[in-house]
Amino acid sequence: MINIILVSSDVRVKEEISSIITSHKDLVLQGLGKDIYDAITMVRKHRPDIVLLDADLISNDGLEICNTLKRNSPASAIAMISTSVRDFLIHGIVSRIFNGCLLKDSDMNQLVKILRKIYLGEHYVNSKIIARAYEIIADYFKGTAAVEFITKEKKFITRPIDFSNSELDVLRLVTKGHNTKEIARSLYLKDGTVRNYLSSIMHKAGVSNRTQMVLYAQQYGLAKKE
């Protein structure tokens, strides 16, 4: 069973997500909250597998709030839901504080699949948030973005690696924001083959997620086909 708490002041969102969660036997809604106080209280009480937290409840101190939740329940994964793309969400993903970020206008029919992936230790990030992350990365390498945002994450960038042509093709499509299925269709590959290439690229580059893969590609000029 996957134990979940949901914290949001948005009544519509709470009703929709609650209905989805309670309609699946492997998902348990342990509690509903409306503010950060509720979030902290319920995390301490229930130690849920996943905390679904509305980013609209918090300002740019969201990272510290999530760190507080983690201190109270280190094993709990945190998935953020938000009305809009906000830069602190991207920082949270890069810093591996969050396990997922989705927007309220996302297809909620995919929510159960996302929650199951997060429970298994995988990450999910909405494509619009990924696109904003790429903008920040591009600006950084042009010297126009705040250095503080990325320099904390540059530690994983070490040296350029020799990738196969297929791996480079996959990497370039990742930098353009394509997901696994889109990459597979574009390169006429199976989804599993693309996932194998992604794993190989991350292993070779010493990175752990797609945002870091893009940083690596930008650092070494691998984002564009020569």
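Guide: A pocket is an open set of grid points with protein on both sides within 12 Å along at least five of seven lines. The model shown here is predicted.

Visitor: What volume does the largest pocket have?
Guide: A volume is the space filled by probe spheres set on the grid points. For the largest pocket, this volume is about 1400 Å³.

Visitor: Which element gives the largest share of the lining of the largest pocket?
Guide: The lining of the largest pocket comprises 34 residues, and Lys117, His123, Tyr124, Thr180 and Arg210 lie nearest the centre. At least two lining residues come from each of helix H5 (111-119), strand S6 (124-125), helix H6 (127-141), helix H9 (180-187), helix H10 (191-205) and helix H11 (210-219). The largest share, five residues, is supplied by H10.

Visitor: How many residues of the lining of the largest pocket are charged?
Guide: Asp, Glu, Lys and Arg count as charged. The lining holds nine nonpolar and 14 polar residues, and the number of charged ones is eleven.

Visitor: Which element gives the largest share of the lining of the largest cavity?
Guide: A search of the whole structure finds one cavity of 30 Å³ or more, and the volume of the largest cavity is about 30 Å³. Its lining consists of Ile90, Ile93, Val125, Ile129, Ile130, Ala133 and Thr211. Helix H4 (87-94) and H6 are the elements that give two or more of these residues. The largest share, three residues, comes from H6.

Visitor: How many residues of the lining of the largest cavity are polar?
Guide: The lining of the largest cavity includes no charged residue and six nonpolar ones. The number of polar residues in this lining is one.

Visitor: Is arginine 47 buried, partly exposed or exposed?
Guide: Arginine 47 lies in the loop between helix H2 (36-46) and strand S3 (50-54). Its phi is near 50°, a positive value in a residue other than glycine. Because its relative accessibility is 46%, arginine 47 counts as partly exposed.

Visitor: Is tyrosine 188 buried or exposed?
Guide: Tyrosine 188 is placed in the loop between H9 and H10. Its phi, near 55°, is a positive value in a residue other than glycine. Because its relative accessibility is 77%, tyrosine 188 counts as exposed.

Visitor: What percentage of the residues in the chain is buried?
Guide: The secondary structure of the chain comes to eleven helices and six strands. Buried means under 20% relative accessible area. Of the 226 residues in the chain, the buried ones make up 49%.

How values were computed: Residues numbered from 1 in each chain as written. Predicted model: local features only at pLDDT ≥ 70, side-chain atom pairs only at ≥ 80, totals over all residues. Heavy atoms only, no water. 1 Å grid on protein atoms, 1.4 Å probe; cavity = no way out; pocket = protein on both sides within 12 Å on 5 of 7 lines; lining within 4 Å. Helix = DSSP H or I, 4+ residues; strand = E, 2+ residues; numbered from the N terminus. Buried < 20%, exposed > 50% of the residue type's maximum accessible area, 1.4 Å probe, protein only.
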